[in-house]
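Hi everyone, thanks for coming. Let me put the structure up, and then I'll walk you through a few parts of it.

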Amino acid sequence: MTDSVFHAHPAPVDVAIPGEPEGSARVPSADRAGKGVINLVHLYPREMSIYGDLGNTRCLAARIRRHGYSPVVHQHHPGAEFPAEPHLLVGGGGQDSGQVRVEADLERIGDRLRELAEGGIPMLMICGMYQLFGNAFITVEGQRLPGLGILDVTTQGNAKRMIGPVVLDTEFGEVVGYENHSGSTTLGAGQAAFGKVRAGFGNNGSDGTEGARLHNVIGSYLHGPILPANPALADALIGLAAERATGRPFEPVSQDDAVADQARMRQVRRLVKA
């Protein structure tokens, strides 16, 4: 698709993010930037944010503020100019129709995304965007749809869905969430998983892996959204982004995560036998 076609349409209107204050897409003045400005980019929030995935962006923006930094929330829509200096990227799940609507744009910005991934920019890609960050998605009918190849994973579509709560062991501790996908994902040789499945299906229901991680890119099937119930994961992403944005070590502020911790521990106790 040519630039002239993109420019023929009016600029897309941002999606409302519940709880996010008005003006969070604007860069604050220097005296209101706190410890530094962190550019948070949500890829395709209209097409790829089902099952509450928009809550990951809300969670990250809120915690960035609580740590004393200033988030600037960018929403990247198909055909729009990609933000110049992203520090943290998120993407969510979507219907097949949503994936079709972003496919051309993802190819357009693919080189930039690969460059950012190789450069260590933290990214969290959930479900459909996780699949699109892989090598390919093979439909039930056998059609091979190419992905970005950032993660060495390949997904095979199935008639049967994998649905239910999940508990993982990860380097960020126990992680909980909810999966709902029909794709079975296989890791390439040497590709690290995001976590080890203790309860749930994970990538494919058979090899005990869930998600994938390369550099600071994490792909996962966990909705929920995943970050509010797993603040250690959220802060790990924020810490990496803060260091990229400021050139200084992350300067966290102690957070009261008692409610999130209690919710996560209850899910672990309910699903995993001691």
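Why does Ile64 count as buried? Because its relative accessibility is 0%, and buried means under 20% relative accessible area with a 1.4 Å probe, protein chains only. A word on the source: this is a predicted model, where local features need pLDDT of at least 70 and side-chain atom pairs count only at pLDDT 80 or more, while totals for chains, interfaces and linings use all residues. Residues are numbered from 1 along each chain as its sequence is written, and side-chain values use heavy atoms, leaving out hydrogens and water.

Back to Ile64, then: it sits in helix α2, residues 54-66 (helices are DSSP runs of H or I, at least four residues; strands are runs of E, at least two; both are numbered from the N terminus). Setting aside residues up to four places away in sequence, Ile64 touches Ile38, Tyr69, Ser70, Pro71 and Ile238, where contact means heavy atoms within 4.5 Å.

Now the core. The largest nonpolar core has 59 residues, a core being a set of buried Ala, Val, Leu, Ile, Met, Phe, Trp, Tyr and Cys residues joined through side-chain atoms within 4.5 Å. Its largest share, 6 residues, comes from helix α7, residues 231-246. Leu43, Leu113 and Phe133 have the most contacts inside this core, and Leu43 touches, among others, Leu113 and Phe133.

Finally, the sheet: it is open, with 4 strands in the order β9-β8-β11-β12 and antiparallel pairing (two strands pair if DSSP finds at least two bridges between them). At the edges are β9 (173-181) and β12 (209-210), each pairing on one side only.

Key:
Buried < 20%, exposed > 50% of the residue type's maximum accessible area, 1.4 Å probe, protein only.
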